[in-house]
Amino acid sequence: MSLRTLSVLLAGATLMGGLPAHAQTYPGRDGGGGANASGQGAGQGDGEEAVGERRGGRRLAVEPYIEASQILTAQLSPGNDVVTYTQLAAGVDASLNGRRSAGTVSLRYERNFGWGDAADSDTITGVARGSLEVVPRTVTLEAGALAARTSIDGSGANVFTGQNNADFTTQTYSVYAGPRVQTRVDDVEVTGQYLIGYTKVESPDVITANGDPVDVFDESVSQQAQARAGFAPGTYLPVGVGVGAGYYREDVNTLDQRVIDANVRADVTVPITPTLAVVGGVGYEDVEVSSRDAVRDANGNPILGPGGRLVTDEGSPRTIAFEATGLIWDVGVLWRPSRRTSLQAGYGRRYDSDTFYGSFSFSPNPDTNLSIGAFDGIRGFGGRLTNSLSALPTDFDVVRDPITGAVVGCVNAVTGGSCLDGLLGSIRSSVFRSRGAAGNYSRRVGRYTAAISAGYEQREFIGAPGTVLAAANGVMDENYYVSGTVGGEIGRRGTFTVATYANWFEGGFGANDLFGLGSSASYSHAFTQSLSGRAAVALNYLDSDFTTEDLKTASALVGLRYGF
């Protein structure tokens with residue numbers, strides 16, 4: 001690789017983002033108004049739900065379908081209850097791959113009719129991500145959305161669930177949209193981005209921990225904007241130089257919490273070899289997290305509204321929970337020996353403390369992908385989720401639970417994907433600082449594909465003194481997760497998928513730990529081009545500090561699917 005090629009690849013590298021200016025990513029998508037991106041990646045198709053494998057190179061593919069299934073769920077411990085459901089579902093999987101537009105949509109509605117003591121339920125789940133070039137090679141409009149069924153534990157842990165009518169089951173919705181601008185003025189590259197996102201968690205039953213209600217997230221609106229101009233090494237100077245500015249704001253309706261992060265910075269790229277460069281940056285940042293207090297009764301206890309959520313006292317003064325104003329800096333390396341291998345790593349000071357960032361990607365061939373990323377940023381639950389949606393590729397396959405069809409947390413793509421398990425983490429409404437790492441590996445061999453994802457996230461909550469959230473200030477929740485899938489074809493008409501997951505949640509609010517483990521296997525057989533039969537089995541295990549006995553369940557499904 002020549003020095004000039006590396007210069008183009010590294011043009012305007014910003015260390016707070018740790019990414020070349022021309023990369024199609026969102027510096028600050030981790031909620032930090034210009035902070036490092038998480039850099040998560042994932043595998044490829046999962047067999048039965050591998051919509052992408054059926055696209056056959058077509059520019060537009062739309063596959064509506066209906067399903068009818070019978071489900072049996074047995075509680076193995078505690079107790080021995082057995083319930084059955086008849087499930088009717090309708091959905092659509094669609095993809096678009098054009099010169100100026102691209103996107104993927106997977107949307108599903110299901111209705112479960114319970115037999116005997118089993119309750120009826122209905123659910124909408126799905127993931128969508130798309131882009132449209134409004135001005136060719138200059139202005140792109142991007143959007144994405146998520147609808148997921150999740151379960152909230154007494155610890156405040158929020159996890160994807162594949163069980164029908166599980167206790168404290170709720171719906172999480174998130175959507176974002178915004179333009180991205182990329183152009184050149186002579187040899188100067190100019191980029192700009194704006195995103196606005198909205199996240200809503202439907203009100204579950206009142207959840208208590210040790211007799212006290214858990215502060216459950218309700219809704220928030222997040223906005224972020226960024227602009228930058230820079231030139232590559234070897235154009236005007238032997239080194240590359242860039243200047244930029246970023247702004248992030250999130251408004252959480254619970255206690256009127258607000259996050260504002262504004263920064264300006266300059267950076268330099270110094271090539272060392274044709275494949276290696278040292279990068280550094282310095283700037284100024286102003287960060288503020290604030291909120292109001294809750295309405296209290298005569299005894300000073302907070303009054304709870306619908307769903308056990310805190311009610312904001314609009315007349316109370318706004319109180320600062322966290323602020324950091326002053327110099328920010330970082331230094332690191334960028335290494336790209338080929339177009340299939342890339343490493344970025346750095347260290348700096350931000351939020352009046354140390355910060356680390358990094359990412360590594362390796363794709364030795366089109367059938368193998370490895371990516372690892374580290375992240376650090378201040379945000380709320382909604383900002384964390386909408387920013388992660390913007391990181392998804394436009395061409396992916398949704399991984400769904402084989403029993404219920406619900407989204408289980410990951411999407412797969414040839415170019416890398418993302419897992420949302422770690423992004424949900426705790427459902428508490430408090431703003432937090434999130435630090436962690438995530439990695440994904442996928443491998444396709446012939447007609448079979450295997451993928452594994454793992455991650456860790458630490459959330460340190462931020463609460464204003466003198467408010468209800470003061471008790472949460474400095475408390476940390478930790479979330480570890482790992483998941484794997486193997487899938488492929490059996491003969492000319494059959495496909496299979498085997499999936500396993502594990503999740504460890506360590507709550508910082510007393511004895512609030514949770515461990516979940518599960519595995520499933522599914523098989524689909526095509527009778528005709530449109531009609532197929534389905535069968536699946538699943539085992540799930542849950543160990544929570546809030547129950548004296550572990551929860552063990554087994555489920556089975558048989559059904560038919562008709563695709564139009």
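Ile272 lies in strand β13, where strands (E, at least two residues) and helices (H or I, at least four) are DSSP runs numbered from the N terminus. Ile272 counts as exposed because its relative accessible area is 51%, the cut-offs being under 20% for buried, over 50% for exposed and partly exposed in between, with a 1.4 Å probe and protein chains only. The structure is a predicted model, in which local features need pLDDT of at least 70 and side-chain atom pairs count only at pLDDT 80 or more, while totals for chains, interfaces and linings use all residues. Residues are numbered from 1 along each chain as its sequence is written, and side-chain values use heavy atoms, with hydrogens and water left out.

The secondary structure of the protein consists of three helices and 28 strands, and of its 564 residues, 52% count as buried.

### The nonpolar patch and the cores

Ile272 belongs to a nonpolar surface patch together with Val270, Val278, Val282, Leu327, Trp329, Val331 and Val333, and the patch has about 620 Å² of accessible area. The elements that give two or more residues to this patch are β13 (257-273), β14 (276-291) and β15 (319-338), and β15 supplies the largest share, four residues. Such patches are made of residues with over 30% relative accessible area and no salt bridge, nonpolar side chains (Val, Leu, Ile, Met, Phe, Trp, Tyr) being joined within 5 Å and like charges within 9 Å. Accessible areas come from the Shrake-Rupley method with a 1.4 Å probe, and for residues only the protein chains shown count as cover.

In soluble globular proteins, nonpolar side chains tend to be buried together. Here the largest nonpolar core has 20 residues, of which Val127, Leu146, Phe217, Phe381 and Ile427 touch the most other members; a core is a set of buried Ala, Val, Leu, Ile, Met, Phe, Trp, Tyr and Cys residues joined through side-chain atoms within 4.5 Å. The elements giving two or more residues to this core are β5 (139-152), β8 (188-201) and α2 (381-389), with the largest share, three residues, coming from α2. A second, separate core of eight residues includes Val259, Val289, Tyr351 and Val431.

### A buried threonine

Thr125 is placed in strand β4 (residues 121-135), and it counts as buried because its relative accessibility is 3%. Its side chain makes a polar contact of 2.9 Å with that of Arg400; the term means a pair of N or O atoms within 3.5 Å, where, within protein, one must be able to donate a hydrogen and the other to accept it, and residues adjacent in sequence count only if both atoms are side-chain atoms.

### Salt bridges

Side chains of opposite charge can pair when their charged atoms come close. A salt bridge is a side-chain nitrogen of Lys or Arg within 4 Å of a carboxyl oxygen of Asp or Glu, and by this rule the count comes to 27.

| Asp122 | Arg111 | 3.5 Å |

Asp293 is buried, with a relative accessible area of 12%, whereas Arg296 is partly exposed at 35%. Asp251, at 23% relative accessibility, counts as partly exposed, and Arg249, at 24%, counts as partly exposed.
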